[in-house]
Amino acid sequence: MSLRLGWIGCGRHARRMLLPQMASAGMRVEAVCDRDPLSAAKVADAYGIGAVYSDYRQLMGHPGLDAVGMAVGPALHVEAGCAALGRGLPVFVEKPPSADAAGASRLAEASARTGLPVLLGFMKRYSTGNRMAKAILAGAKFGEVLGITATYMTGPAYFAGEPDHDGFYLHHCVHYMDLVPWLAGSEMTDMAIRQVEPGPGRLLFHLNTTFASGAIATIIMGTVQSRGNPVEHLTIMGDHQRIEVDNVIDITWYRDPPFKADDPDAILDDACDALTWKPNFTAAANEDHKGYQALLTDVAVALRGDTSPAPTIADGVLAMQRLERMRALLGH
């Protein structure tokens, strides 16, 4: 039986990225809420939802709900999330969980107090290439992670009118404050930053960090690239091997092959040569390589009270704490 969900926030992101994945993830949206009646009506009409509210408190009183999900502003995530928990409803919150680490901690405390889960929309963990990379790292063949180089860019137009970069930090950078430590399997320790700001709203920085495990990383982020180009690349370095993920979907696992030129019998050896995977976009399959469907499938399991690897508010607290340390170094 589908999980009966009340949904708050009917903006473009919810309409295009999250709500289309609900049915395949095992959830049915029973009621929607948005301050803009046209946005709420558009979603209700598209998904055949009969109950439409303009106040999230009224939505939470809708009969028969099993859980509440939301993609609204970070401050409202905390306010509405705590209200849902107070009504006995587990919660899914799109990232960022709050505007600051204190708000995320408040939501985590409410989750602990009520014994109800709060799940987060860190879908980068579920992007096809990233998920495959994590599975390789979890196996016995890769060994210890020694270093990570991560690039995740965007363009200034996406955060137009924000010369303080606040939206860029909260909605963009927070992803890699979760993803990179998750891949490293260890907490960030020391941080250092170099940055350049060529103009208002334009920023490029290199964050150098160490991990408790001894691994090192360079994370490059900024608002000086076109969103019309691929803007993500990961290299995870081990001893005599590395994993590269490009554009969240193309993944290559480089290992330790011998030289081939002087060997007349050289072949591609599946024991040591590089392994590459790319998605097949010509297949008649509606696969979500960005990761929303896989994320929400795990979220639905957790909302039912079962064990799931879905990111939790505890992960959100850590990501927000890392983000605030980074912002302090940048002076924003």
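A: For helix packing, each axis is a line fitted to C-alpha atoms over the stretch in contact, and the angle between N-to-C directions runs from 0 to 180 degrees. Keep in mind that this is a predicted model. Here, α7 (residues 166-184) packs with α9 (residues 313-330) at about 120°, the axes being 9 Å apart.

Q: What do we call the orientation of α7 and α9 to each other?
A: Angles of 65 to 115 degrees count as roughly perpendicular and those over 145 as roughly antiparallel. The α7 and α9 pair is therefore oblique. As for handedness, their crossing is right-handed.

Q: Which residues in α7 and α9 meet?
A: From α7 you have D166, Y169, L170, C173, V174, M177, D178 and P181; from α9 come D315, A319, M320, R322, L323, M326, R327 and L330. By type, this contact has 11 nonpolar and 5 charged residues, with no polar ones.

Q: Now strands. In which sense do β8 and β9 pair?
A: In a regular strand, side chains alternate between the two faces of the sheet. In this model, β8 (residues 188-199) and β9 (residues 202-211) are antiparallel, with 8 bridges. One of the bridges joins G199 to R202 in β9. The two strands make a hairpin with 2 residues between them, and G201 in the turn has a positive phi of about 80°.

Key. Residues numbered from 1 in each chain as written. Predicted model: local features only at pLDDT ≥ 70, side-chain atom pairs only at ≥ 80, totals over all residues. Heavy atoms only, no water. Helix = DSSP H or I, 4+ residues; strand = E, 2+ residues; numbered from the N terminus. Parallel < 35°, antiparallel > 145°, perpendicular 65-115°, else oblique. Left-handed = near helix turned anticlockwise from the far one by under 90°. Contact = heavy atoms within 4.5 Å. Nonpolar A, V, L, I, M, F, W, Y, C, P; charged D, E, K, R; others polar. Pairing = 2+ DSSP bridges.
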